[in-house]
Amino acid sequence: MPQKSIPMSVRVSKEDAQFITSLNVPGASSPSDRLRSIIRQARENHEKKHDYESTSEKIRSLMEPGLARVRTAEQDLDMHSQLFTHVCDWIPDTLALLVDLTQNETEQPLEAGQLLKLEKQVTDRVFRLVEQIFRLGITEHCPCYEPSIISQRIQPSLDLAKVITDSMDRKK
């Protein structure tokens, strides 16, 4: 049996009323329907499990409208950027790792083992991205909007890598 609804009366600013009226919510035709939808979404978000996977999914859903515009433009203009794709995959993965840590915080301070694990996870993600970008620099023309963007920017990183390599060789 459906629960009985409880009438509520609220006062909102003119701007908020205009916002609610203009909000495009599927299946909601009236301001009341839209408010019920907003409350339902807020409740689901509040009750939702805040783990790495659900956080990553939420970040990806926030990014999706902009990424859809980029994919449409890429299709229309017959262009693609593998660099952009790698970064857009990396951002939600890395951010979800950090958000997961804060979402599941307790009053207990972090222990050394947790910090070591976090540092390793962040390091793994950073170097995966760096390796993906370096792979794009294998040839002078990479699959990016600007084919020479990597080759134009990679030399300072290669110079730093050489300094590190030379330093490690001297320590051996």
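How many Å apart are the mean positions of the positive and negative charges of the chain? The mean positions of the 23 positive and 26 negative charges are 5 Å apart. In this count Lys and Arg are positive, Asp and Glu are negative, and His and the chain ends are left out. Each charge is placed at NZ of Lys, CZ of Arg, CG of Asp or CD of Glu.

This is a predicted model, in which local features need pLDDT of at least 70 and side-chain atom pairs count only at pLDDT 80 or more, while totals for chains, interfaces and linings use all residues. Residues are numbered from 1 along each chain as its sequence is written, and side-chain values use heavy atoms, with hydrogens and water left out.

**Overall architecture**

- The chain contains seven helices and zero strands, where helices (H or I, at least four residues) and strands (E, at least two) are DSSP runs numbered from the N terminus.
- Along the sequence, the pattern is therefore written α-α-α-α-α-α-α.
- The radius of gyration of the chain is 24 Å, whereas a compact globule of 172 residues would have a value near 16 Å. This radius is taken over C-alpha atoms, and the globule rule is 2.2 Å times the number of residues to the power 0.38.
- Along the principal axes, the C-alpha atoms fill a box of roughly 75 × 50 × 35 Å.

**Surface and contacts**

- The accessible surface of the chain is about 14,000 Å², and carbon and sulfur atoms account for 58% of this surface. Such areas come from the Shrake-Rupley method with a 1.4 Å probe; for residues, only the protein chains shown count as cover.
- Of the 172 residues, 17% are buried. Buried means under 20% relative accessible area, exposed over 50%, and partly exposed in between (1.4 Å probe, protein chains only).
- When contacts between residues at least 6 apart in sequence are considered, 59% of them join residues at least 24 apart; a contact means heavy atoms within 4.5 Å.

**Cysteines**

- A disulfide is a covalent bond between the sulfur atoms of two cysteines.
- The structure holds zero disulfides, the cut-off being a pair of cysteine sulfur atoms within 2.5 Å.

**Helix α4**

- Asp93 is located in helix α4, which covers residues 82–103.
- Asp93 counts as buried because its relative accessibility is 14%.
- Apart from neighbours within four places in sequence, Asp93 is in contact with Tyr52, Arg60, Arg125 and Arg128.
- Leu95 also belongs to helix α4 and is partly exposed, with a relative accessible area of 38%.
- Leu95 and Arg170 are 75 residues apart along the chain, and their C-alpha atoms are separated by 37 Å.

**Loop residues**

- Asp78 lies in the loop between α3 (52–77) and α4 and is exposed, with a relative accessible area of 73%.
- Most residues other than glycine have a negative phi. The phi of Asp78, however, is positive, near 55 degrees.
- Asp51 occupies the loop between α2 (31–47) and α3, and its relative accessibility of 22% makes Asp51 partly exposed.
- From C-alpha to C-alpha, Asp51 and Ala112 are 21 Å apart in space, and in sequence they are 61 residues apart.
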